Amino acid sequence: MSRWFLRTTLLLFVFIGILLSCSGCTDNITTDNTGSNTSATTSTRVISLAPSETEIFYAINTPDSGISLVGRTDYDDYPPEALSVPSVGGPQTLSIESIVSKDPDLIIGTTLADKTVVDSLKSLGYDVEIYDLETIDDVYSNIESLGEILGLEESAGALVDNMTSRQTAIEDAPKETPAPKTWYVVAVEPLYAAGNNTLQGEMIEEAGGVNVFADMDGYFVASYEAVIERAPEVIIVPSGHGSTTVNFTQQILSIPEFRDLPAVKNGRVYTVDDNTVSRPGPRIIDGLEQFYQCINAEIL
């Protein structure tokens, strides 16, 4: 009996369990950032459940490795060759049937992946690695872990070396003084901001700015009054999320209450590529360099 047949049979029982269980579970996914417990050291077929993991996979894979990506999510659009890989759904709309049909040796994702699906895949015997990516150091650990799992330690190490070297260059680069008060806009309607313990909050500090919402934790809805009170001198706005064509920068500039903000009055509202500054993958250092240019534009 083939492994695919056995897993398909098990899948029927899993579906029954899912239908009988509560669908509103919000517990955190158990995270393993080390990759030490996986048996996929000889993996050849990989499925990614997150755009950042797809980017890491392609950044460390080598032409002669014999390792291939056989599944991705709807949002995995970089590098361009990822678009030729079949999708298995979105982070919260993953298709177990599609994943199983591709008979993967390893499944990689982040804590944004649907926990019910992840648990079901583990119960079917698949090797699933879920990464919690809150900081730049977490990204480095993710890269090194995946490199170890796939036997790509050399290319993973070279990637981390390059990224850390560029990060150090930003840390050592000249910066404006006093450090500009900076606001990173996550979204406009509603008005979301990045506070402490966020990737963008860390990038603001690394690039030489002061996060105006450092007293808040995580991502949250900010009031107009809170923004006005903090008077940001630099505002960094993403180009948009996913396939949206909404111009966040124009929306910010069109809010009458924000016309007297120092950043607006002095023309220091900057647009950056959303995917580059929000995906915790190899391009996050590109995002850090963009933040540096925005925050220190007066001296560059």
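Mentor: Contact here means heavy atoms within 4.5 Å. This is a predicted model, and in it Ile136, Val139, Tyr140, Ile143, Glu144, Gly147 and Glu148 of α5 meet Glu153, Ala156, Leu159, Val160, Met163, Thr164 and Gln167 of α6.

Trainee: Why are α5 and α6 called roughly antiparallel to each other?

Mentor: Helix α5 (residues 136-150) and helix α6 (residues 153-172) pack at an angle of about 165 degrees. Angles over 145 count as roughly antiparallel, so α5 and α6 get that label. Their axes are 7 Å apart.

Trainee: And is the crossing of α5 and α6 left-handed or right-handed?

Mentor: Left-handed, for α5 and α6.

Trainee: On to the rings. What makes Trp183 and Phe258 a pair, and of which kind?

Mentor: Ring centres have to lie within 6.5 Å, and these two are 5.8 Å apart. Planes over 60 degrees apart count as edge-to-face; the planes of Trp183 and Phe258 are at 90 degrees, so edge-to-face is the word.

Trainee: Where in the chain do Trp183 and Phe258 sit?

Mentor: Trp183 is in strand β5 (residues 181-187), while Phe258 is in the loop between α9 (248-253) and α10 (262-265). They are 75 residues apart, and the pair links distant parts of the chain.

Trainee: How do you know what kind of pair Phe213 and Phe220 form?

Mentor: Run the test again. Centre to centre, Phe213 and Phe220 are 5.2 Å apart, with 75 degrees between the planes. The cut-offs are within 6.5 Å for pairing and over 60 degrees for edge-to-face, so Phe213 and Phe220 are an edge-to-face pair. Both Phe213 and Phe220 are buried too.

Trainee: How many aromatic pairs does the count come to?

Mentor: 5 aromatic pairs by this rule.

Trainee: What about Arg283: where does its charged end sit?

Mentor: Over the ring of Tyr78, 3.8 Å from its centre. The distance limit for a charge over a ring is within 6 Å, so the 3.8 Å of Arg283 meets it.

Trainee: Arg283 is also in contact with Asp273. Why is Asp273 called partly exposed?

Mentor: Its relative accessible area is 31%. Buried means under 20% and exposed means over 50%, so Asp273 falls in between. Asp273 is in the loop between β10 (269-272) and α11 (274-278).

Trainee: Which other residues is Asp273 in contact with?

Mentor: Leaving aside neighbours within four places in sequence, Asp273 contacts Ser239 and Gln290 along with Arg283. As for Asp286, its C-alpha is 9.7 Å from that of Asp273, and the two are 13 residues apart in sequence.

Notes
Residues numbered from 1 in each chain as written. Predicted model: local features only at pLDDT ≥ 70, side-chain atom pairs only at ≥ 80, totals over all residues. Heavy atoms only, no water. Phe/Tyr/Trp six-rings, centres within 6.5 Å; stacked < 30°, edge-to-face > 60°. Helix = DSSP H or I, 4+ residues; strand = E, 2+ residues; numbered from the N terminus. Buried < 20%, exposed > 50% of the residue type's maximum accessible area, 1.4 Å probe, protein only. Lys NZ or Arg CZ within 6 Å of the ring centre and 35° of its normal. Axes fitted to C-alpha atoms, helices over the stretch in contact; angles between N-to-C directions. Parallel < 35°, antiparallel > 145°, perpendicular 65-115°, else oblique. Left-handed = near helix turned anticlockwise from the far one by under 90°.
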